[in-house]
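Hi everyone, thanks for coming.

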Amino acid sequence: MFRTIPLRQEHLEDAARLVSERYQHLCGQVPDLPQHYADPSQLALLLQDIIKPEIPGVAALQGSRLVGFLTAWHMPNFRGKRSIFSPEWANAAVLEDSARIYDALYREISGDWSTEKYSAHYISLFPNDRQALQQWHWLGFGMFAVDGLRSVEPIPCSQPGVQIRRAGLEDIETVVALHDELWKYIKGPPIFVLNDRNDRKFFEEWLQDSGKVIWLACSQDEPLAFLRMGPADDDVCTIIVDEQTTSIYAAFTCQKARRAGVATALLAQALQSAQSCGYLRCAVPFEPMNRLGSQFWLRYFQPVCYSFLRIIDERLTEEQEK
């Protein structure tokens, strides 16, 4: 059996080792992951900023052994709600009993989160702990984001009859129009994701940055698809962030060009270019409810992080004030 107590600074090193053990297990299945996140000292550097007296967390102990912990960032306004977010390195449980441990940890801390009026609970998890993933579903959480990873080794690609080239500043109108089509697509059913629309200046700066690229696929000068790539995206899961990781930030194929190999040709070109620039791996975040997109990315990428969300009825926090 185990007991739950408040997470304290004295648990820092054991928490780092526990995350390291889980990460090493994941690396055995996804060897392309950056190896330095398996180093407990690297994880301790992350954890020292979140294991603090002013940031409530909970630990599970079996005797004197730490077998699980859960802590999170508190965000007073994220997507319009008071939100909690536990990154993939800010929670852990021993693999052999992770479902029961995570259940106990969330039961212990979620009441405090609700009392403090945090109605949106976000958590990121490694995808290989299947019993833990199932338990979080049973706790009312649904998946809203996936991070995938692969090497930059070439992929097989047949010629789809399009020209693929790097966009320049002279293509700014095309780039903005294609991104507008992407934003419109992901706002619609069944995705329903609202993204902040990037302005023209954002794309102008991207196109003039030698370390970033937008690939265009065109047929007889008609733009059909794009793929935007740059250095590792630090706005997604932490474990992909590395100097030898490149990230796909956005991609879109017009409806009439889908299922014709255009997206695969774009990805093949992007990976070949990334390899020539010295990158070892490529990452991509995507929404699981984007069925067309997720089916494509899962064909070439392995999931390395799943992110889940639960929304608490805000009327409960209103009742607590009465």
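A quick word on naming: helices and strands here are DSSP runs, numbered from the N terminus. With that in hand, proline 190 lies in the loop between helix H5 (172–187) and helix H6 (200–208). Keep in mind that this is a predicted model.

Now, the helix pairs. Helix H3 (residues 98–115) packs against helix H4 (residues 130–138) at an angle of about 35 degrees, and their axes are 8 Å apart. The crossing is right-handed. On the H3 side, Ser98, Ala99, Tyr102, Asp103 and Tyr106 meet Gln131, Ala132, Gln135 and Trp136 of H4. Sorted by class, that contact has 5 nonpolar, 3 polar and 1 charged residues.

Our other pair is helix H7 (residues 262–276) with helix H8 (residues 291–300), at about 45 degrees and with axes 12 Å apart. That angle makes H7 oblique to H8. H7 and H8 also have a right-handed crossing. Ala263, Thr264 and Leu267 come from H7, while H8 brings Phe296, Arg299 and Tyr300.

Lastly, positive phi values. Lysine 117, a residue other than glycine, has phi near 70 degrees. You'll find lysine 117 in the loop between H3 and strand S7 (120–125). And glutamine 220? Its phi is near 50 degrees, and glutamine 220 sits between strand S10 (213–219) and strand S11 (222–231). Which of these is buried, partly exposed or exposed? Lysine 117 is partly exposed at 35% relative accessible area, whereas glutamine 220 counts as exposed at 73%.

Methods. Residues are numbered from 1 along each chain as its sequence is written. This is a predicted model: local features need pLDDT of at least 70, side-chain atom pairs count only at pLDDT 80 or more; totals for chains, interfaces and linings use all residues. Side-chain values use heavy atoms; hydrogens and water are left out. Axes are lines fitted to C-alpha atoms, for helices over the stretch in contact, and angles run from 0 to 180 degrees between N-to-C directions. Helices (H or I, at least four residues) and strands (E, at least two) are DSSP runs, numbered from the N terminus. Angles under 35 degrees count as roughly parallel, over 145 as roughly antiparallel, 65 to 115 as roughly perpendicular and the rest as oblique. A crossing is left-handed if the near helix is turned anticlockwise from the far one by less than a right angle, and right-handed if clockwise. Contact means heavy atoms within 4.5 Å. Ala, Val, Leu, Ile, Met, Phe, Trp, Tyr, Cys and Pro count as nonpolar, Asp, Glu, Lys and Arg as charged, and the others, Gly among them, as polar. Buried means under 20% relative accessible area, exposed over 50%, partly exposed in between (1.4 Å probe, protein chains only).
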